[in-house]
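The sequence and the structure are shown first.

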Amino acid sequence: MAVAARVSSPKKLALLVGCNYFTNDHRYLPELSGCINDVRDMAETLVSRFGFDRRDITVLTDEAGSHPMPTGANIKRALTDMIKKAKSGDVLVFHFSGHGTRLDNATRDEAIIPCDSNCITDVDFRQIVDLLPSGTTLTIISDSCHSGGLINHEKEQIGPSTVKRSIDAKDLKSKPRFIPHESLLQHLSGLSGIESQQIGDHLAHLFGEDASDKFLNKAYHPKKPIADNGILLSGCEADQSSADLSPEYGDGKACGAFTHSLQKVLAQHPGAISYKELVTKVRQLLRSQGREQHPCLYCSDSNAVSPFLLQKRPGTKDVDIEATVGTAEKGVNLTTGVAGMDVKGNAV
């Protein structure tokens with residue numbers, strides 16, 4: 001018996017977060033200039049280049065009047081809500097521009113710093129990636145310091161163990177998107193009022209269940225890299241800083257060096273470009289500018305060579321597909337969801 005079926009094209013959903021830290025204590029959290037510009041530029045690129053619908057892009061910034069603000073809890077909630085909407089084959093994006101830190105000088109514990117300082121850690125991102133439906137990709141772009149390795153136990157494709165660092169950096173004027181461990185500890189100590197040398201103690205005291213599971217004894221620690229659909233493009237290696245550029249170096253407006261270079265490379269290569277090619281070219285561009293900042297790529301082997309955000313080949317487009325398929329003994333079997341493939345998964 002034949003059964004008619006309609007198969008929808010993949011959804012494209014994005015959460016873009018920019019924190020300039022306008023209202024924070026600037027003794028410990030220096031104000032930045034280009035983070036909100038970064039996410040506005042990324043939103044335009046997602047719409048014009050990759051076919052995202054503006055209604056499917058959520059933007060959180062800490063500029064006056066924004067609601068909701070990009071607090072740690074709000075960012076994690078928005079990420080979880082985005083994943084709940086996703087089905088197999090969908091394309092998800094999370095872009096963060098702002099401060100990053102290391103939670104412990106002796107370990108590789110990376111985190112981003114939302115506007116309320118409720119850090120989102122590498123363990124949080126691992127847990128978020130583990131929520132993805134099978135066949136759904138989440139591309140995380142973090143233009144922040146110490147962002148290499150921000151998905152706990154994700155496989156390194158381009159980074160310190162695979163590519164030799166350049167050593168010809170120049171002394172260029174920029175502000176690092178970096179909060180030293182000691183500064184963050186002082187800042188949180190003043191907020192919490194408790195005595196502890198552990199950042200996690202202060203975050204757990206201040207934010208309770210909204211703090212990272214890393215500090216609530218509920219963290220998930222896989223023993224080895226997992227072949228999943230989490231993809232991390234980091235602005236730098238785990239022990240490096242990402243630059244916040246003044247308008248002089250950002251083609252007339254403040255921006256992040258990594259985001260700005262990413263946009264330039266995409267503009268220079270209008271066709272499909274793989275994740276590995278993209279990160280390699282961004283590294284080359286930053287090196288040509290004399291910056292001691294090395295973007296990294298963490299993902300599975302198959303995702304490394306896939307087109308960035310699954311951009312299609314010229315001549316293909318996302319459309320609804322109506323197909324008639326036969327039923328097997330135990331029901332109808334449809335494998336689809338990716339434009340450029342038929343309902344049985346064959347390339348067309």
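## Strand 8

Strand 8 is mostly covered, with seven of its seven residues buried. The model discussed here is a predicted one. Burial applies to both faces of strand 8: Thr 137, Thr 139, Ile 141 and Asp 143 lie on one side, while Leu 138, Ile 140 and Ser 142 lie on the other.

Strand 8 has parallel pairings with strand 4 and with strand 11. Seven bridges connect strand 8 to strand 4 in the parallel sense, and five bridges join strand 8 to strand 11, again with the strands running parallel. Individual residues mark these pairings: Leu 138 of strand 8 faces Leu 92, Ile 141 of strand 8 is opposite His 95, and Ile 140 has Leu 232 of strand 11 as its bridge partner.

Strand 4 is largely enclosed by the rest of the structure, because seven of its seven residues are buried. Val 91, Val 93, His 95 and Ser 97 point one way from strand 4. Leu 92, Phe 94 and Phe 96 point the other way, and the residues of both groups are all buried.

Besides its pairing with strand 8 over seven bridges, strand 4 is joined to strand 2 (residues 12-18) by seven bridges, and strands 2 and 4 run parallel. His 95 takes part on both sides of strand 4: it stands opposite Leu 16 and also opposite Ile 141 in strand 8.

## Helix 3

Helix 3 (residues 122-129) is largely enclosed by the rest of the structure, since seven of its eight residues are buried. The buried residues are Asp 122, Val 123, Asp 124, Phe 125, Arg 126, Ile 128 and Val 129.

What do the buried residues of helix 3 pack against? Their neighbours are helix 2 (72-85) together with strand 4 (91-97), strand 6 (110-112), strand 7 (120-121), strand 8 (137-143) and strand 11 (230-234).

Three strands form an open sheet in the order 5-6-7, and their pairing is antiparallel. Strand 5 (100-102) and strand 7 are at the edges with a single partner strand each, so one side of each has no neighbour in the sheet.

Strand 5 pairs with strand 6 over three bridges in the antiparallel sense. Within this sheet, Gly 100 stands opposite Ile 112 in strand 6.

## Packing of helix 1 and helix 6

The axes of helix 1 (residues 35-48) and helix 6 (residues 257-268) come within 10 Å and cross at roughly 20°. An angle under 35 degrees counts as roughly parallel, and helix 1 and helix 6 are therefore roughly parallel to each other. Their crossing is left-handed.

Helix 1 contributes Asp 38, Asp 41, Met 42 and Thr 45 to the contact, and helix 6 contributes Thr 259, Leu 262, Gln 263 and Leu 266.

Conventions. Residues numbered from 1 in each chain as written. Predicted model: local features only at pLDDT ≥ 70, side-chain atom pairs only at ≥ 80, totals over all residues. Heavy atoms only, no water. Buried < 20%, exposed > 50% of the residue type's maximum accessible area, 1.4 Å probe, protein only. Helix = DSSP H or I, 4+ residues; strand = E, 2+ residues; numbered from the N terminus. Contact = heavy atoms within 4.5 Å. Axes fitted to C-alpha atoms, helices over the stretch in contact; angles between N-to-C directions. Parallel < 35°, antiparallel > 145°, perpendicular 65-115°, else oblique. Left-handed = near helix turned anticlockwise from the far one by under 90°. Pairing = 2+ DSSP bridges.
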